[in-house]
Amino acid sequence: MSFTIDEGQICALIGPNGAGKTTLFNVVSRVYDPTEGHVTYDGKDLIHAAPHTIARMGIARTFQNLALWPGMSVLENVMVGMHTTTKQTFLTASLRLGLKKEERELRDKAHAALEELDLARFARHPAAGLPFGTLKRVELARAIVSDPRLLLLDEPAGGLTHSEVDELAGVIRKVRDDRNLTVLLVEHHMHMVMGISDKVVVLDFGSKIAEGLPGEIQRDERVIEAYLGAPA
C-alpha cells in the first residue's frame, strides 16, 4: 500500500477491524520494524530513524487504549509529552543546575496546552477517576505540547458519546488550524471522519482499496462492500 498526506491536511485512515490501521501507526512511530518499504517524512526515511528520535523529528501520537499514568496529575501527564525537549543531562540534573527554571517552563507550557483544550481546571487532579472523554483530551494535550508537525490520532473518539464525538471533531479541526498541523486520523466514527477529513484512505486486509475525498469514498462500491455497508 502507498499514499501521501499533504502538509496541513487531515487524512483519515479507515477500514474494518484487523485491516492494518494501528499496525501502520506503529510502523510510522517506529514501534514496529517493517520487513520492507519506506516511510518518508519531510524528505527523511523514518525506517532508518531510531524510535526515540521520532518525537524530536516533530511526530506525536495518541493511543487506541489510554496510555496515561493514573496516579499522576493531569498536568504531570501532559508534561511527559515534553520529555524529548528538555535540556537537562544526567550531570546537570544530579547537580540540580537550572532544574527549577526548566521545570517551571515545562509546567507553564503544559498549563497552556490544558487551557487550549479547556482542561485547566483538571490540572492538579489525578488522571484516575476522570471521565473517559476528559482523559481522551488529556492524551491529546500531551501529544500537542511537544509542538509536533505531524499528529497521529489512533481512534480518539472510541468510547465517547455522540455529543463528545462532535465536540472532539471541533477540537481536532481547531488544533489543526491553530497549530498548522498535519493529522493522520484512524477512526470508526464515520460521521466524524467525513465531517473533518480532507482525504480518506481505506484499508482492507492490509491493502489500500480506495483513496479520495470523503464524498467519493462514501460512493465507492468497494468501500461500501468492505466496510461502510449499503444504506438501509
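How many bridges join strand 1 to strand 7 (residues 199–204), and do the strands run parallel or antiparallel? Four bridges join strand 1 to strand 7, and the two strands run parallel. Two strands are taken to pair if DSSP finds at least two bridges between them. The model is predicted, so local features need pLDDT of at least 70 and side-chain atom pairs count only at pLDDT 80 or more, while totals for chains, interfaces and linings use all residues. Residues are numbered from 1 along each chain as its sequence is written, and side-chain values use heavy atoms, with hydrogens and water left out.

The protein chain contains nine helices and eight strands. Helices (H or I, at least four residues) and strands (E, at least two) are DSSP runs, numbered from the N terminus. For 232 residues, a compact globule would have a radius of gyration near 17 Å, and the 19 Å of the protein chain agrees with this. The radius of gyration is taken over C-alpha atoms, and the globule rule is 2.2 Å times the number of residues to the power 0.38. Along the principal axes, the C-alpha atoms fill a box of roughly 65 × 40 × 30 Å.

Of the 232 residues in the protein chain, 46% are buried. Buried means under 20% relative accessible area, exposed means over 50%, and partly exposed lies in between (1.4 Å probe, protein chains only). The accessible surface of the protein chain is about 12,200 Å², and 54% of this surface belongs to carbon and sulfur atoms. Accessible areas come from the Shrake-Rupley method with a 1.4 Å probe; for residues, only the protein chains shown count as cover. Among contacts between residues at least 6 apart in sequence, 67% join residues at least 24 apart. A contact means heavy atoms within 4.5 Å.

The protein chain carries 26 positive and 31 negative side chains, and the centres of the two sets lie 8 Å apart. Lys and Arg count as positive and Asp and Glu as negative, whereas His and the chain ends are not counted. The place of a charge is taken as NZ of Lys, CZ of Arg, CG of Asp or CD of Glu.

Strand 1 (residues 10–14) is mostly covered, with five of its five residues buried. In a regular strand the side chains alternate between the two faces of the sheet. Both faces of strand 1 are covered: Ile10, Ala12 and Ile14 are buried on one side, and Cys11 and Leu13 on the other. Strand 1 is also joined to strand 6 (residues 182–186) by four bridges, and these two strands run parallel. Within this pairing, Cys11 has Leu184 of strand 6 as its bridge partner. In strand 7, Val201 stands opposite Leu13, and Val202 stands opposite Ile14.

Strand 7 is largely enclosed by the rest of the structure, because six of its six residues are buried. Ala210 in strand 8 stands opposite Val202.

Helix 1 (residues 21–28) is mostly covered, with six of its eight residues buried. The buried residues are Lys21, Leu24, Phe25, Asn26, Val27 and Val28. They pack against strand 1, strand 4 (59–61), strand 5, strand 6 and strand 7.

Most residues other than glycine have a negative phi, and most peptide bonds are trans. Arg30, which follows helix 1, has a positive phi near 70 degrees. Glu155, in the loop between strand 5 (150–154) and helix 6, has a positive phi of about 50 degrees although it is not a glycine. Glu155 counts as buried because its relative accessible area is 13%. Phe205 lies in the loop between strand 7 and strand 8 (207–212). In this hairpin, which has two residues between the strands, Phe205 takes a positive phi near 50 degrees. Phe205 counts as exposed because its relative accessibility is 74%.

His162 is found in helix 6 (residues 162–179) and is exposed, with 69% relative accessibility. His162 and His189 are 27 residues apart in sequence and 9.5 Å apart in space, C-alpha to C-alpha.
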